[in-house]
Amino acid sequence: MRMRPTLSWTPAEDLPPGTTDPEPVADALGAGGVLVLSGAGISTESGIPDYRGVGGSLSRHTPMTYQDFTACARARRRYWARSHLGWRTFGRARPNAGHRAVAAFGRHGLLSGVITQNVDGLHQAAGSEGVVELHGSLSRVVCLSCGASSPRRELARRLEEANAGFEPVAAGINPDGDADLTDEQVGDFRVVPCTVCGGVLKPDVVFFGEAVPPPRVEHCRRLVGEASALLVLGSSLTVMSGLRFVRQAAREGKPVLIVNRDPTRGDGHALTRVALPLGAALTTVAGRLGIPVDGQAAARARR
């Protein structure tokens, strides 16, 4: 199934309002077997902006599409220049209280799994295990010709060598690790090829307009089917890649709970939407369950 490049949606007037009471979330977690589906909103407190919230990157930035990346060498040069610069900032991000709370819930046996739409690796850095990266990870690079995979840090080194003195100042950073640069700042940035076959390199992430690998989708569908409830954290659910799991849970009669400050495309399927910042809401829930959220014990270096 191809991910629809939906960039926005209009909330229905009859959507249920959000609440500031996280008790239903605590009740669901206390019963165990909860599957977490997280989006860009859980990483905003780590300094990575979301797409659609207040000040979200879509107000100034259109994400790269798979079609543009594969069809145009100029688009690839622009992408890699921006992504190379963004990686320096993106790679320094660290887990926040929301990530640490999710990891704590997992350690205490309350979760059946974690699916993330994010490509930042922060759930794993906080200590969560078995995370399904629905849209891939910026920490890996793949060749479109031979399929060879390599670490992003290796590509970063090669790009540094090929573009000595490339030090533009970005206007901002985006959830996909793409920095805001003008065409003039991109200049004649040099893109490096695959070291195995000389082919085109792409970050191992799902671009807008690209298909999420079917085996990954089916794995997530099984996780939804096995869960007792679905807890959505920090996602507007605008794109079908995440919304379809909310719809599946609702069809199967499983409670859907959403923690997101703004309305989401899945609110009509939800038992409740808690309109609070993720870190505060999940820390409160952890406290009610008597679960400590330790910022250091489970965290590990990501790169």
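**Close-up views of a predicted model**

View 1. Leaving aside neighbours within four places in sequence, R152 is in contact with W80, S83, H84, W87, L138, S139, R140 and V141. R152 belongs to helix α6, residues 152-162. Is R152 buried or exposed? R152 is buried, with a relative accessible area of 2%. Among its contacts is R140, which stands opposite P151 in β5.

**View 2. An open sheet of three strands, in the order β5-β4-β6.** The pairing here is antiparallel. Strands β5 (149-151) and β6 (201-205) stand at the edges. Each has a single partner strand, so one side of each is left without a neighbour in the sheet. Neighbouring strands are turned by 40° against each other on average, direction ignored.

**View 3. The pairing of β4 with β5.** Strand β4 spans residues 136-143. Three bridges join β4 to β5, and the two run antiparallel. R140 faces P151 of β5 across this pairing. In general, strands of a sheet pair through backbone hydrogen bonds, either parallel or antiparallel.

**View 4. Cysteines C146 and C197, neither in a disulfide.** A disulfide is a covalent bond between the sulfur atoms of two cysteines. How many disulfides does the model contain? The count comes to zero. For C146, the nearest cysteine sulfur is that of C197, 3.6 Å away. For C197, the nearest cysteine sulfur is that of C143, 3.5 Å away. C146 is partly exposed, with a relative accessible area of 38%. C197 is also partly exposed, at 40% relative accessibility.

**View 5. The crossover from β7 to β8.** Strand β7 (residues 229-233) pairs with β8 in the parallel sense over four bridges. I258 in β8 is the bridge partner of V232. The chain leaves β7, passes through helix α9 (residues 240-251) and reaches β8. This β-α-β crossover is right-handed.

**View 6. Strand β8 beside β9.** Strand β9 spans residues 272-274. Three bridges join β8 to β9, and the two run parallel. The bridge partner of L257 in β9 is T272.

Definitions and conventions. Residues numbered from 1 in each chain as written. Predicted model: local features only at pLDDT ≥ 70, side-chain atom pairs only at ≥ 80, totals over all residues. Heavy atoms only, no water. Disulfide = S-S within 2.5 Å. Buried < 20%, exposed > 50% of the residue type's maximum accessible area, 1.4 Å probe, protein only. Pairing = 2+ DSSP bridges. Axes fitted to C-alpha atoms, helices over the stretch in contact; angles between N-to-C directions. Contact = heavy atoms within 4.5 Å. Right-handed = clockwise from strand over helix to strand, strands pointing away.
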